[in-house]
Amino acid sequence: MPTASPWGAVALTLQLAGLSTLILLLLGTPLAWWLARTRSWLKGPVGALVALPIVLPPTVLGFYLLVTMGPHGALGQLTQALGLGLLPFTFAGLVVGSVIYSLPFVVQPLQNSFEAIGEQSLEAAATLRASPWDSFVNVVLPLARPGYLTACVMGFAHTVGEFGVVLMIGGNIPDKTRVVSIQIYDHVEAMEYAQAHGLAAGMVLFSFVVLLLLYTLNPTGRRQRRGAKVRQ
Amino acid sequence: MSAGSGLQARLQLDRADFRLDVALDLPGGQVSALFGVSGSGKTSCLRAIAGLERGARGTVSINGEVWQDDARQLFVPVHQRALGYVFQDAQLFAHLNVADNLAFGMQRVPPAQRRVSLDQAVALLGIAHLMQRKPDTLSGGERQRVCIARALASSPRILLMDEPLAALDAARKAEILPYLEQLHRELAMTVLYVSHAPDEVARLADHLVLLDLGKVLASGPTAELLTRLDLPLAHGDAAAAVLEATIVGHDAQYHLSVARFAGGELCIARQSLAMGQALRIRVQARDVSLSLQHPSGTSILNILPVRVLALSSDSPGQVMVQLGAGGCTLLARITEKSAQGLALAPGLAVFAQIKGVAILG
C-alpha cells in the first residue's frame, strides 16, 4: 500500500473536527436550551438519546449509520431523492457521523451551564425590557461562556479522536475520508512504525494541550458558576 | 413625573396551597405596601402584576395603560411593560460590572421615554463609587442598592419591590432604608413594596394593603390601617401609630425639636431638619399611658388631650385603646385593670402621656 503524506490526513481531520464542532454548536444550543428549560416528559428520553454515544461502542453507532445512510436506509433514500447521492464513504457522511458521535460532549456542558443560569436571571432581564431573544444573546450566552468553551474543546477533541465510526462509514479513502486515526492504523498494519509514531505522538501532544487548555481556562468558569448558584 | 392615577388590578391565581384573589386600587406617586405573613400571597401578587405569572387571570392597568385584560385577550409581555422589579435576592448579571448592569435596562428604553437619568439613580442610591466593581465583589446591601438603581434607571411607571431587605441583616437594612425614603421623596414614583416587617411598612408606606391567604383583608392609608382595632396590625407588642408631622421649632438649650401634627405638638430629640420640613413619627402603643387629669410633676414631656374612640381586648390582661387626636389616631396598650379603674369608654376625654417617639425620617 502506497503511503500517503501525513499532512493530508491531518488537514482532513482538522477540517472534519472543525466543521462538526460548528454544526454541533448550532444544533446543540437549541437542544441544550430545550433540555435545560423544559418540563416535558420527553426531557428524560431525549436526554438519554443524546447521551447514548457515550456508552455505545462506536462500531454499533457506525453500523447503524451505515445501514441508515445506505441505499436502503431512510436517510439514504432521502439523500438520493434530494439528488445528493449516498453519504457513506464521503466526507459529508463522516460529518454526519461525527456530529452524532460527539453530540453529548457538546450538549451536556451547554445544558449544565444553561441550568446554572436559572429562571430568575431571565425574569430580571425581562423586567429590564429585554425580549426573550435579547436576553438569550446578552445574558444567557455571556453567562454560559465557560460551558461553550468546554463544549467546543470537547466536541473538537472527541471528533479528532474518532476511529470506530469513521472506519464503519468512511472507509479509508485518502484525502476524502482517511483521518489521522485511520492513517495510524494503516501505518501499523503496514509495519511502518516510524510514521505511526509521528502521528501518534502528535495526537498525544494535541490531546494534552487541549485538555491543559480546558483545565487552565475552566477554573474561572467553575468559580463563576458557583458564584451564580450562591446568588440564586 | 406626574402622579397619574396609579395601579388598578384584579387578579386571580391558583397556587398549590391557596388561591390568590385580589382587587387592588393603589394611588399613583405613592408608596403602597403589600403586607402579610409568609405564604399570604404577597410575592405571587407582585409577580402577577408584573406579568411574571402566566397562570394569573384578570386585569392590570397602570395610569390608564392596560397591561392585562383577559376579557379582551390582552396580555402585554413583561419586557414591554414599563416596570421596575427588585427581587428579594438581588438579581444582578454576574458577567457585567455595576455600570453595565445599571445601563442594561436604561439602554432598552427609548430616549424619549427616559424620565430618570442614570446619574440621578446612581446619586439617589449612593453607588457612584461602585461603578467598576463586579457583582460578586459587592456586599448584600450594595447589591440590593445597585438593583434598585438599575430598576429606577429604566424609568418605570411603577416600581415593584419584593421584600428587598428580607435577605439582609439589621445593619444592612438600616443602610438601605434611608435610600428608599429618599427615593420616595425625590421621585414621587408609584411604588408597590412587599413586606412582612411592620417597622418597614410604618416607615415607608403611605398606603397599605393587608393580605391574608390570598385575599385582601383591608386596604387604605397606612396611618389608618395601623390603628384599626379590627385588624391584626393594631394588636400585640409591636402595635404603633404613625403620624405625619412638620418641624415647627427647635430648642437649642435642651437639644429638642418641636414637631406639629394634626392632633397637637410633640417634643422630640433635636433634629437636623429645617423648619417646615415633614417627618414621620411612630408612637408605639406600649409607650402611651392614659390619665383622667392632666398629670403634673411628671418627667414625661409629651402629654396630649385625646378622646377614647374604641377599646379592644389584646393579649390576656391587656387592652388596646384607640385614641382620637385632632383627626389622627393613636393607640395605647394598657392593662385591663387600669382600663376598668379609669372606667374607659368611647367618647371619654383623657390625657395621653407619650413616653417615647421614634422618628421615621
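**Close-up 1. Helix α4 of chain B is largely enclosed by the rest of the structure, since 13 of its 14 residues are buried.** The model is predicted. Here a residue counts as buried if 20 or more other C-beta atoms lie within 10 Å of its own. α4(B) covers residues 140-153. Just after α4(B) comes B:S155, with a positive phi of about 45 degrees.

**Close-up 2. Helices α3 and α4 of chain B cross at roughly 150 degrees.** α3(B) runs over residues 118-125. The two axes come within 9 Å. Angles over 145 degrees count as roughly antiparallel. The pair α3(B) and α4(B) is therefore roughly antiparallel. The crossing of α3(B) past α4(B) is right-handed.

**Close-up 3. Residues of α3(B) meet residues of α4(B).** From α3(B) come B:L118, B:A121, B:V122, B:L124 and B:L125. Facing them in α4(B) are B:R145, B:I148, B:A149, B:L152 and B:A153. By class, this contact holds nine nonpolar residues and one charged residue, with no polar ones.

**Close-up 4. Chain A meets chain B through 17 residues of chain A and 20 residues of chain B.** On the chain A side, α5 (91-127), α6 (132-143) and α10 (193-231) each supply at least two residues. α5(A) gives the most, with six residues. By class, the side of chain A that touches chain B has eight nonpolar, six polar and three charged residues.

Note on methods:
Residues are numbered from 1 along each chain as its sequence is written. Chains are lettered from A and ligands numbered from 1 in the order in which they are written. This is a predicted model: local features need pLDDT of at least 70, side-chain atom pairs count only at pLDDT 80 or more; totals for chains, interfaces and linings use all residues. Two residues are in contact if their C-beta atoms, placed from the backbone, lie within 7 Å. Helices (H or I, at least four residues) and strands (E, at least two) are DSSP runs, numbered from the N terminus. Ala, Val, Leu, Ile, Met, Phe, Trp, Tyr, Cys and Pro count as nonpolar, Asp, Glu, Lys and Arg as charged, and the others, Gly among them, as polar. Axes are lines fitted to C-alpha atoms, for helices over the stretch in contact, and angles run from 0 to 180 degrees between N-to-C directions. Angles under 35 degrees count as roughly parallel, over 145 as roughly antiparallel, 65 to 115 as roughly perpendicular and the rest as oblique. A crossing is left-handed if the near helix is turned anticlockwise from the far one by less than a right angle, and right-handed if clockwise. A residue is buried if 20 or more other C-beta atoms lie within 10 Å of its own, exposed if 12 or fewer, and partly exposed in between; C-beta atoms are placed from the backbone.
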